[in-house]
Amino acid sequence: MTIIGAELVSLNTFPRILRAQCMKYGDKKVAMRKKEFGIWNKYTWKDVYENVKWASLGLVHLGLGPGDVAAIVGDNDPQWFWAEYAVQSAGGISVGMYVDAHFSEIKYLLSHAEAKFVFAKDQEQVDKILEVKNELPVLQKIIYWEAKGLWYYDMPLLMSFAELQELGRKYEEAHPGAFEAGIDKTKGSDIAALCYTSGTTRATEDGIARQKGVMLSHEMLVSNARAWLAIDKWYDSDVWLSFTPPAWAAEQILGIAGCLLSGTEVNFPEEPETVMENIREVGPQFLFLSARLWENYASSVQSKINETSRFKRFMFNVFLPVGYKYAQAKFQRRRPGLLLRTLHGIADLVVFRPLRDRLGMLRLRSGFQAGAALSPDTLKFFHAIGVQLRQLYGLTEAGLQTAHTIDDIDPETVGRPLNPDWIKISPQGEILLTGPLTSRGYYKDPEATRELIDSEGWLHTGDAGYINERGHLVYYDRVKEMVELSSGKKFAPSYIEGKLKFSPYVKDCMVMGGPDKPFVSAMVNIDFENVSDWAEEHRINYTTFVDLSQKEQVYDLILKDMERVNRYLPDEMKVRKFVNLHKEFDPDEAELTRSRKLRRKFVENRYADVIGAIYGGKEGFEIEAPVKYRDGRTGVIKTTIRVRSVL
């Protein structure tokens with residue numbers, strides 16, 4: 001049960017570490033498992049190494065050389081990881097893309113990165129690339145790993161993963177030792193991956209964000225993983241479920257680099273839709289989710305508790321306050337009294353342990369979240385039921401920088417800096433970072449890189465926060481997202497949004513204000529699944545999302561959450577008016593990034609008329625909205641979006 005073997009300490013590239021782990025474990029230990037057709041297929045470290053070797057040599061045969069770029073798009077699968085390692089073993093650079101990326105996004109990313117090769121999982125992803133292939137003169141091959149639907153595609157541009165590997169086997173016969181020689185040439189300073197960050201975009205007329213590619217070196221990714229494993233021990237007997245997109249830097253650091261270094265077994269879900277089922281089946285020791293997913297989990301638990309039997313609901317409501325008190329003692333770093341420890345033991349045995357088992361978190365040692373501020377209420381809730389949820393802070397450009405340790409958790413912060421010398425707060429309240437964990441800047445964009453990293457080597461995050469008396473970083477929001485009201489008072493919209501999204505009936509929301517606005521308001525996306533269940537239970541008839549969202553009873557339901565949140569806010573930050581939007585925020589319409597963060601300026605412009613109605617003293621606003629009925633029909637209806645005041 002080793003953490004990081006001594007043989008890995010001096011290795012600083014993914015291919016070198018992969019080779020060392022293969023020599024250590026060979027075919028004696030499983031490295032990856034993938035569920036297909038109900039069966040978990042196992043791949044030993046030897047299997048992984050050989051699959052990477054043949055794919056890498058196949059790429060070399062096709063012309064991939066040092067510094068060349070290959071993109072990867074698809075669900076989390078072993079082939080995703082093999083493709084990345086294969087590209088890097090040949091000295092190339094990998095670029096991950098999100099599976100729900102639009103044609104125009106894919107065209108931009110492949111064109112900007114000048115990708116010569118693209119690994120695509122299936123027909124859906126292949127079709128997207130074929131749609132724009134004529135505008136990608138550098139593209140040489142599309143390599144797919146799931147052949148269903150592609151059997152009759154007859155074009156030289158396409159090749160299966162198996163065909164690529166067969167080319168690699170033939171190349172090995174003519175060039176023995178070429179793969180190992182390629183690994184020996186890899187250096188820590190080489191760019192391992194480009195991550196196109198959703199947080200650094202440029203506005204365009206077509207509404208598609210032109211993202212910047214962050215250059216992540218092998219050394220940066222490995223150093224980040226080592227820094228994390230130094231404070232959070234991972235063992236080679238542990239299990240990781242990989243479903244966070246590898247296009248996101250967090251999965252690169254934790255799921256790819258972390259598991260590679262520690263020897264932790266990586267499991268891949270059968271389908272994106274079966275993730276929650278697979279989490280329970282696998283029972284991982286670690287779980288990394290975005291703030292949005294943790295909030296959805298909390299909402300789902302509360303919703304299901306409301307639907308369960310009266311006895312179970314009674315037991316949960318009786319023991320939950322015990323869980324909160326026990327968690328609070330831990331947050332304050334004090335030992336609970338004997339009575340509280342006894343009551344908590346009973347609560348855990350009777351209520352919380354079975355609940356964690358249902359969630360697939362019975363063996364969980366740590367849950368992580370990063371990417372956006374998590375509501376303190378959500379974090380407290382999970383600790384109350386015995387889930388050790390911890391916050392991280394970092395950027396694609398800067399890697400992991402702060403983290404809660406298992407014995408030092410403050411729900412109002414994002415943890416203690418990994419190194420206090422690598423972080424400082426500017427006079428304007430901006431978080432500045434430096435040190436070996438930061439990136440090399442933006443690909444093919446020296447001007448933006450100079451704006452990102454100043455002459456003294458400090459990386460400007462654009463985030464607002466401060467270091468509290470406990471030495472933890474308190475994260476507010478993006479500096480540009482801190483909003484000033486006409487009174488001169490400032491507030492952090494994301495902080496209020498996090499508290500609102502703790503509700504099982506609020507899927508998303510945007511909190512608003514401005515120098516010309518006298519109060520705080522909000523636009524709400526109802527959680528259609530939970531609200532529709534509630535409506536049916538209360539015999540409220542509805543036809544569509546649009547219809548349900550504007551029901552008077554649903555406004556009353558959301559009003560209770562507004563009043564709940566307002567109780568914890570100072571007067572100037574209280575939400576005074578809100579609307580339930582007729583549709584959900586959608587990344588395909590550029591309202592959200594691919595990692596599901598709000599594009600505030602874009603949303604404010606799109607819903608300018610709604611915002612005008614809120615601040616113009618109107619009681620409603622007429623809007624035309626596309627609808628999809630439950631029988632599959634579509635249409636356009638006119639509806640009135642209500643404006644509700646919160647007293």
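Okay, let's start at a hairpin: three residues link β14 to β15 here. Strands, by the way, are DSSP E runs of at least two residues, helices are H or I runs of at least four, and both are numbered from the N terminus.

Quick housekeeping. This is a predicted model, where local features need pLDDT of at least 70 and side-chain atom pairs count only at pLDDT 80 or more, while totals for chains, interfaces and linings use all residues. Residues are numbered from 1 along each chain as its sequence is written, and side-chain values use heavy atoms, with hydrogens and water left out.

Back to the strands. β14 (residues 389-395) runs antiparallel to β15, with four bridges; pairing needs at least two DSSP bridges between the strands. Y393 bridges to T402 in β15. T402 also has P417 as a bridge partner, over in β16, and β15 and β16 (residues 416-417) pair antiparallel through two bridges. So is β15 buried or exposed? Five of the five residues in β15 (residues 399-403) are buried, meaning under 20% relative accessible area with a 1.4 Å probe, protein chains only.

Now the cores, meaning sets of buried Ala, Val, Leu, Ile, Met, Phe, Trp, Tyr and Cys joined through side-chain atoms within 4.5 Å. The largest has 86 residues, and M32, F119 and L254 touch the most other members. Helix α9 (residues 249-262) gives this core its largest share, nine residues. Apart from it there's another core, of 51 residues, including C509 and Y555.

And F119? Leaving out residues up to four places away in sequence, its contacts (heavy atoms within 4.5 Å) include L59, V87, W145 and F161.

How values were computed. Buried means under 20% relative accessible area, exposed over 50%, partly exposed in between (1.4 Å probe, protein chains only).
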